[in-house]
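Welcome! Here is a short briefing to read with the structure open beside you.

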Amino acid sequence: MKRHMIQVICSVLGKKAGFVSMLAACVLLFSPSMLSASVQDIPRPSDPPMLVNDYAGILNQSAAGIESLLRAFADSTSNQITVVTVPDLGGYDPAQFAYEIGERWGVGNKKYNNGIVILIKPKNQNGSGQAYISVGYGLEGAIPDAVCKRIVDDEMIPFFKQEDYAGGLLNGLKVILPLAAGEISAKEYMPSSGGVIAVFVAFILIVLVVSLVSAASKKGKGDRFGGPHDEGIGSGLGTWWLLSSAMNGGHHGGSWGSFSNGSGSFGGFGGGSFGGGGAGGSW
Amino acid sequence: MKKNVGCIVTILAVLAILAVWFVKMYNGLVSKEEAVSSAWSQVENVYQRRMDLIPNLVNTVKGAADFEQSTLQEVVAARAAATQVKVDPSQLSEENIARFQQAQDALSSSLSRLLVSVERYPDLKATQNFRDLQAQLEGTENRITVERQKFNQAVQTFNTDIRRFPRNIVANMFGFEKKGYFEANEGAETAPVVDFGTQE
């Protein structure tokens with residue numbers, strides 16, 4: 001009798017398991033087709049994920065510095081800002097392209113949806129230059145569309161017109177970072193360090209700008225510098241180097257251009273969601 | 001007697017498993033329907049956002065000298081008509097969605113006619129106020145596209161679920177009904193430009 005009962009239960013359970021796997025198959029079959037559009041045109045996040053994805057190769061050696069800046073910003077405020085440069089939009093509208101990156105990569109924290117995608121398509125043989133700032137749901141209040149439009153038009157494009165992509169990007173970030181930091185106050189996310197963030201961000205920005213300027217002025221003498229021994233602490237680049245080494249857990253690479261490759265991922269994108277907010281411009 | 005007890009226990013066990021299974025299916029449908037409702041409220045939010053921008057836009061444009069009144073009146077009328085069409089989240093039938101979409105699309109087309117005629121007023125176009133408004137309107141249109149797409153995805157998941165065996169039994173028993181989609185607007189999709197001249 002008992003055995004019979006077990007058999008019945010097992011057969012019912014077996015059916016249930018079959019049903020579950022059938023459902024799983026359905027999910028697998030249907031979910032990609034719903035997102036389809038044309039997935040291959042939107043770049044995938046690099047592996048390990050990086051905040052600066054210079055697929056168009058226009059940021060040169062500044063990419064590493066901006067990566068460190070954005071990582072420090074993400075660590076201190078939890079807002080994830082990713083920069084993506086592409087040589088071609090593959091027929092997409094820049095707004096849609098930037099939105100798809102944000103939504104598919106999951107830029108920002110899942111709970112706060114506090115991601116920002118800055119998309120830059122340089123002016124090249126594929127057409128005019130396009131820049132777009134796409135803002136996650138959680139930051140729409142802090143950075144409204146009209147503000148995005150002004151940042152792109154007034155802060156970034158004047159530099160982009162002169163092919164100074166890193167300069168324009170930094171000039172835009174100078175406005176975006178403090179704005180983004182205001183929405184989810186660090187208090188909500190990390191109760192201990194309230195007002196320090198703004199000062200910290202300002203400090204990082206100053207150091208970064210100084211170091212980039214000094215890097216540019218040293219360009220004639222060569223880009224490489226061997227390590228902390230070659231540079232005085234007083235030099236902007238040396239200070240930045242120490243700061244970034246500290247932030248990267250004491251990692252020491254060979255040159256300015258390579259340390260970000262060695263420092264691994266920033267912990268990955270957080271699954272944030274986007275609603276189509278933001279604005280852009282062209283030149 | 002002992003045999004009877006065994007039988008009853010078996011039947012009870014089977015019934016219990018079936019009941020758990022049933023409840024799970026039902027709850028699954030409920031949460032998917034809830035996902036559709038919340039996607040709908042997002043759709044309404046973004047359309048409302050556009051409605052809220054229009055008075056500001058109309059006032060800004062009105063200020064421009066000799067702006068044609070008919071275009072403006074058309075927008076105001078289309079807005080008023082679209083305000084009338086509200087769809088309750090529990091009544092997301094195909095007809096209701098189609099009615100909602102029709103009213104909003106009429107507003108979209110009168111808005112785009114307004115923006116086209118603004119092109120003839122470079123002084124107006126250059127003002128910071130208008131540039132801000134234009135950025136807000138464009139952002140709102142992008143949000144509308146996104147939320148409609150998300151709504152359609154939620155509806156697709158739900159509609160597929162209620163038709164799939166064995167959930168369709170539960171769906172029929174508890175009156176879960178198929179929900180409507182947003183149709184792609186004619187000419188509103190951003191089709192990539194194809195240059196046939198360079199294909200050879």
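What follows covers chain A and its sheet, then a helix pair in chain B.

This is a predicted model, in which local features need pLDDT of at least 70 and side-chain atom pairs count only at pLDDT 80 or more, while totals for chains, interfaces and linings use all residues. Residues are numbered from 1 along each chain as its sequence is written, and chains are lettered from A and ligands numbered from 1 in the order in which they are written.

**Chain A at a glance**

- Chain A has nine helices and five strands; helices (H or I, at least four residues) and strands (E, at least two) are DSSP runs, numbered from the N terminus.
- Starting at the N terminus, the elements of chain A follow the order α-β-α-β-α-β-β-α-α-α-α-α-α-β.
- Of the 283 residues in chain A, 41% are buried (20 or more other C-beta atoms lie within 10 Å of the residue's own, with C-beta atoms placed from the backbone).
- Take the contacts in chain A between residues at least 6 apart in sequence: 70% of them join residues at least 24 apart. Two residues are in contact if their C-beta atoms, placed from the backbone, lie within 7 Å.

**The sheet of chain A**

- Five strands of chain A form an open sheet in the order S1-S2-S3-S4-S5, with mixed pairing; two strands pair if DSSP finds at least two bridges between them.
- At the edges are strand S1 (52–54) and strand S5 (274–282) of chain A, each pairing on one side only.
- Neighbouring strands of this sheet are turned by 10° against each other on average, direction ignored. Axes are lines fitted to C-alpha atoms, for helices over the stretch in contact, and angles run from 0 to 180 degrees between N-to-C directions.
- H3(A) packs on the sheet and touches S2, S3, S4 and S5 of chain A, its direction making about 135° with that of S3(A).
- Helix H4 (residues 145–161) of chain A lies across S4 and S5 of chain A, at about 35° to S5(A).

- Strand S3 (residues 115–121) of chain A is mostly covered, with seven of its seven residues buried.
- A:Gly115, A:Val117, A:Leu119 and A:Lys121 point one way from S3(A), while A:Ile116, A:Ile118 and A:Ile120 point the other way.
- On one pairing, strand S2 (residues 80–85) of chain A runs parallel to S3(A), joined by six bridges; here A:Val83 stands opposite A:Ile118.
- S2(A), helix H3 (residues 94–105) of chain A and S3(A) make a right-handed β-α-β unit: with the strands pointing away from the viewer, the path from the first strand over the helix to the second runs clockwise.
- Strand S4 (residues 130–136) of chain A runs antiparallel to S3(A), again with six bridges, and A:Ile120 stands opposite A:Ala131.

**Strands S4 and S5**

- Seven bridges pair S4(A) and S5(A) in the antiparallel sense.
- A:Tyr132 has A:Gly280 as its bridge partner in S5(A), and A:Val135 stands opposite A:Gly277.
- S5(A) is mostly covered, with eight of its nine residues buried.

**The helix pair of chain B**

- Helix H1 (residues 2–62) and helix H2 (residues 69–84) of chain B pack at an angle of about 165°, with their axes 11 Å apart.
- That angle makes H1(B) roughly antiparallel to H2(B) (the term covers angles over 145 degrees).
- Residues of H1(B) including B:Met51, B:Ile54 and B:Val58 meet residues of H2(B) including B:Leu72, B:Val75 and B:Val76.

Terms used. A residue is buried if 20 or more other C-beta atoms lie within 10 Å of its own, exposed if 12 or fewer, and partly exposed in between; C-beta atoms are placed from the backbone. Angles under 35 degrees count as roughly parallel, over 145 as roughly antiparallel, 65 to 115 as roughly perpendicular and the rest as oblique.
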